[in-house]
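Thanks for coming. I will go through one model today, starting with its charged pairs and ending with its backbone.

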Amino acid sequence: MYSVLSPEGFASILWRDSSRVAEAASLMKMTAKDLLENQVIDRMFPEPAEGLENNLSDTANEIKTALLETIPKLQAMEMSELLEKRYQRFRKFGEFTEGSNV
């Protein structure tokens with residue numbers, strides 16, 4: 001979660017009603033889908049239907065596959081390019097335009 005405030009705290013401050021946590025989380029754009037759309041994260045790993053705690057090996061394999069795919073690409077970049085891409089990515093966090101929900 002990338003936030004200075006939890007959804008519960010947000011709801012408590014904004015509406016003085018912590019039960020509106022789902023609405024607050026939606027407005028805060030902090031779901032995995034929101035984070036992916038806003039390029040805060042690179043990928044989502046779906047939770048197994050039977051729950052992560054009941055299927056750790058499949059999830060671990062998905063993460064392993066992603067790392068084996070991504071790490072060589074990052075290692076192939078020049079350090080200056082990698083640092084610049086990271087800098088530019090973090091600079092975009094929190095950007096918005098008037099009337100935008102991003």
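Arginine 20 and glutamate 23 join their side chains in a salt bridge, 2.9 Å from N to O. By salt bridge I mean a side-chain nitrogen of Lys or Arg within 4 Å of a carboxyl oxygen of Asp or Glu.

Before I go on, this is a predicted model: local features need pLDDT of at least 70, side-chain atom pairs count only at pLDDT 80 or more, and totals for chains, interfaces and linings use all residues. Residues are numbered from 1 along each chain as its sequence is written, and side-chain values use heavy atoms, with hydrogens and water left out.

Back to that pair. Arginine 20 has 28% relative accessibility and so counts as partly exposed; glutamate 23, at 37%, is also partly exposed. The cut-offs are under 20% relative accessible area for buried and over 50% for exposed, with partly exposed in between, using a 1.4 Å probe and protein chains only.

How many salt bridges does the structure hold? There are four. I will show two others. Arginine 89 bridges to aspartate 42, with the closest N and O atoms 3.1 Å apart. This pair links distant parts of the chain, 47 residues apart: arginine 89 is in helix α5, and aspartate 42 is in the loop between α3 (32–37) and α4 (56–75). Helices here are DSSP runs of H or I with at least four residues, strands are runs of E with at least two, and both are numbered from the N terminus. Arginine 89 is partly exposed at 24%, whereas aspartate 42 is exposed at 64%.

Glutamate 69 and arginine 43 also meet in a salt bridge, at 2.9 Å from N to O. Again distant parts of the chain are linked, with glutamate 69 in helix α4 and arginine 43 in the loop between α3 and α4, 26 residues apart. Both ends are partly exposed: glutamate 69 at 38% and arginine 43 at 34%.

Next, the packing of two helices. Helix α1, residues 7–15, packs on helix α2, residues 21–28, at about 100°, and the axes are 8 Å apart. The axes are lines fitted to C-alpha atoms, for helices over the stretch in contact, and angles run from 0 to 180 degrees between N-to-C directions. The two helices are therefore roughly perpendicular, a term for 65 to 115 degrees; under 35 is roughly parallel, over 145 roughly antiparallel, and the rest oblique. Residues in the contact (heavy atoms within 4.5 Å) include Phe10 and Trp15 of α1, and Glu23 and Leu27 of α2.

Those two aromatic residues come up again. A search of the whole structure finds one aromatic pair. Phenylalanine 10 and tryptophan 15 form it, edge-to-face, with 5.9 Å between centres and 80° between the planes. Rings of Phe, Tyr and Trp (its six-membered ring) pair if their centres lie within 6.5 Å; planes under 30 degrees apart are stacked, over 60 edge-to-face, and the rest tilted. Phenylalanine 10 is partly exposed at 23%, and tryptophan 15 is partly exposed at 22%.

Last, the backbone. Most residues other than glycine have a negative phi. Arginine 16, in the loop between α1 and α2, has a positive phi near 55°. At 75% relative accessibility, arginine 16 is exposed. Lysine 29, in the loop between α2 and α3, also has a positive phi, about 55°. Lysine 29 is partly exposed, at 29%.
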